[in-house]
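Subject: Structure for you to look at

Hello,

Please find the structure below, with its sequence. Have a look at it before you read the notes under it.

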Amino acid sequence: MIKKLIRRVLGKKPAAKTDKKSRMQRIPVSEHQLTREQILPCALKVTDTLQDAGYEAYIVGGAVRDLLIAKTPKDFDVATNATPEQVRDLFRRSRIIGRRFRLVHVLCGNDTIEVSTFRASAASEEDDTKQITDDTGRIVRDNVFGDLTSDAERRDFTVNALYYDPSTEEVLDYRGGLADIRNKTLRIIGDPATRYREDPVRMMRAARFAAKLDFRIDETTRAPIAELADLLNNVPPSRMFDEMLKLLLSGHALRAVHQLRAEGLHHGILPMLDTILEQEHGKRFINAALHNTDLRLQAGKSVSPAFLFASLLWHELQINHHKRLSRGELSIPAFNEAMDDTLNQQRSRLAVPRRLDGMMKEIWSLQVRFEQRSGSRPYRLLTHPRFRAGYDFILLRAESGEIAAELGEWWTTFQTADEDTRASMLLKEPVSAVNPKRRRRKKPTVVAAS
Ligand code: ATP
Ligand code: MG
């Protein structure tokens with residue numbers, strides 16, 4: 001602060017300084033324009049408190065990157081040389097979380113700041129009980145602490161390894177992240193193949209960031225991906241779900257999923273993607289689902305992960321259903337079994353949590369009910385708690401040409417129409433061959449739209 005004041009009084013423009021040993025550049029605010037006011041107050045409270053207690057503390061990762069390209073950060077992360085226990089002792093509302101990496105969550109109001117202790121570099125592990133790799137080189141546990149330099153080396157991409165000190169308003173840049181931001185380039189830190197072997201998820205992250213930031217992936221960073229893509233099969237399915245959800249909720253899901261496919265990374269994630277995208281309806285359906293997701297997020301609306309995965313797996317469900325039908329199974333039981341087949345196949349690669357199963361199955365099962373437009377059935381469907389999700393889903397099917405556009409339009413009108421219009425819209429009930437009397441069933445009286 002004092003240094004800054006003196007600079008202001010003297011009106012000097014400080015230039016970037018490079019620390020020869022660590023290759024770290026200190027870039028003054030005059031060169032990057034990121035001021036303290038742009039930082040979330042809760043994050044400032046965390047860095048100020050840690051610094052006042054004598055520790056180093058910086059804003060790091062996505063927040064610095066996004067602010068430098070004038071995007072609104074999703075969250076603010078802090079890196080410090082205080083241990084998780086030392087951090088926890090400084091903040092009343094805080095708790096230590098995580099096993100693979102121990103972190104502290106500090107809360108103020110509705111905000112949560114993730115505070116991580118500087119990590120040691122992978123190469124300088126003295127204590128191999130704290131960092132454990134499996135036989136493919138993947139790091140399965142990692143709790144060795146280091147300094148700022150080693151922390152920077154352990155981050156994935158240069159643009160994610162920028163540290164911002166709110167008290168001096170300087171950006172600390174170890175690997176040319178600021179230049180890469182200016183050149184719109186995503187570049188991994190260190191030897192690409194080694195970094196992907198340590199953590200194959202970094203390959204998916206490359207696709208996500210390239211899509212989200214609209215950056216190109218540097219050639220050296222991209223080159224080993226095709227060959228190493230299968231390493232994603234070693235990643236625990238629950239972690240695959242977490243990373244995939246980040247990608248789908250990035251606001252650029254459409255671009256990111258196509259980027260995954262372009263890099264050949266989808267085999268271990270959505271094995272059916274190739275088959276779906278090769279087929280006109282499938283391609284239109286997936287693209288419409290992802291595009292709608294992006295639009296909703298950009299408009300500040302919520303997106304349901306169950307709806308998203310129900311969309312991504314819809315065509316796989318169709319294939320499984322047809323397999324069972326061709327074996328002579330009856331349609332409805334075959335559909336129910338096919339839903340389980342689809343969810344179980346998916347779980348071995350990328351584990352959609354079981355708590356989403358119920359909603360996904362409801363969305364899928366409701367689809368056939370949208371085809372029933374006679375008698376009391378449409379009225380009953382309107383009152384179903386998942387009507388909205390089922391309706392949004394049928395619109396996607398209509399948009400992709402899988403079903404007639406007219407069916408979607410019928411439901412759009414029916415939901416909001418008055419009672420007489422609704423009654424006039426009902427289709428004639430087909431005469432049941434088994435029980436001709438069914439046709440004469442009474443129509444229900446008024447049912448409100450949900
Ligand atoms: P977003 O805005 O999408 O959250 P982010 O960069 O903040 O992007 P996070 O997944 O929140 O991404 O991770 C925070 C930071 O932690 C990253 O910027 C990066 O520096 C580091 N990081 C996260 N995951 C990895 C990883 N698998 N390998 C190395 N560094 C990682
Ligand atoms: Mg983040």
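The notes below go through the disulfide, the sheet, the ligand and a few single residues.

This is a predicted model, in which local features need pLDDT of at least 70 and side-chain atom pairs count only at pLDDT 80 or more, while totals for chains, interfaces and linings use all residues. Residues are numbered from 1 along each chain as its sequence is written, chains are lettered from A and ligands numbered from 1 in the order in which they are written, and side-chain values use heavy atoms, with hydrogens and water left out.

The disulfide

A search of the whole structure gives 1 disulfide (a pair of cysteine sulfur atoms within 2.5 Å). The pair is Cys42 and Cys108, with 1.8 Å between their sulfur atoms. The link of Cys42 and Cys108 is right-handed, at 85 degrees about the S-S bond. Cys42 belongs to helix α3 (residues 41-52) and Cys108 to strand β6 (residues 103-108), so the pair ties together parts that are 66 residues apart in sequence. Helices (H or I, at least four residues) and strands (E, at least two) are DSSP runs, numbered from the N terminus. Cys42 and Cys108 are both buried; buried means under 20% relative accessible area, exposed over 50%, and partly exposed in between (1.4 Å probe, protein chains only).

The sheet

An open sheet holds 9 strands in the order β1-β2-β11-β10-β3-β4-β7-β6-β5, and the pairing is mixed. Two strands pair if DSSP finds at least two bridges between them. At the edges are β1 (17-19) and β5 (94-97), each with a single partner strand, so one side of each has no neighbour in the sheet. From one strand to the next the twist averages 30 degrees (axes are lines fitted to C-alpha atoms, for helices over the stretch in contact, and angles run from 0 to 180 degrees between N-to-C directions).

Strand β6, which contains Cys108, has β5 as one neighbour: the two run antiparallel and are joined by 4 bridges. Ser94 has Val106 in β6 as its bridge partner. β6 also pairs with β7 in the antiparallel sense, over 6 bridges, and Leu103 stands opposite Ser116 in β7. β6 and β7 form a hairpin with 2 residues between them, and Gly109 in the turn has a positive phi of about 55 degrees. Of the 6 residues of β6, 5 are buried, so this strand is largely enclosed by the rest of the structure.

Strand β4 (residues 77-80) runs parallel to strand β7 (residues 111-117), with 4 bridges joining them. Asp77 stands opposite Glu114 in β7, and Val78 stands opposite Val115 in β7. β4 is also joined by 4 bridges to strand β3 (residues 57-60), in an antiparallel arrangement. There, Ile59 stands opposite Val78.

Thr80 is also in β4. Its relative accessible area is 0%, which makes Thr80 buried. The side chain of Thr80 reaches the backbone nitrogen of Ala82 at 3.0 Å.

The ligand

Which residues are the closest to ligand 1? Lys74, Asp199, Arg202, Arg208 and Lys246 are the closest of the 19 residues that surround it; a residue counts as near if one of its heavy atoms lies within 4 Å. A polar side-chain atom of Lys74 is 2.8 Å from an oxygen atom of ligand 1. A nitrogen atom of ligand 1 is 2.7 Å from an N or O atom in the side chain of Asp199, and a backbone N or O atom of Asp156 lies 3.2 Å from a nitrogen atom of the ligand. A polar contact is a pair of N or O atoms within 3.5 Å; within protein, one must be able to donate a hydrogen and the other to accept it, and residues adjacent in sequence count only if both atoms are side-chain atoms. On its own ligand 1 has 590 Å² of accessible area, and the protein covers 87% of it (Shrake-Rupley method, 1.4 Å probe; for residues, only the protein chains shown count as cover).

Two backbone angles

Most residues other than glycine have a negative phi. Glu169 has a positive phi, near 60 degrees. Glu169 is in the loop between β10 (162-165) and β11 (170-173), and is buried at 2% relative accessible area. Lys184 is not a glycine either, and its phi is positive at about 55 degrees. Lys184 lies in the loop between α7 (177-182) and β12 (185-186), and at 40% relative accessibility Lys184 is partly exposed.

Regards
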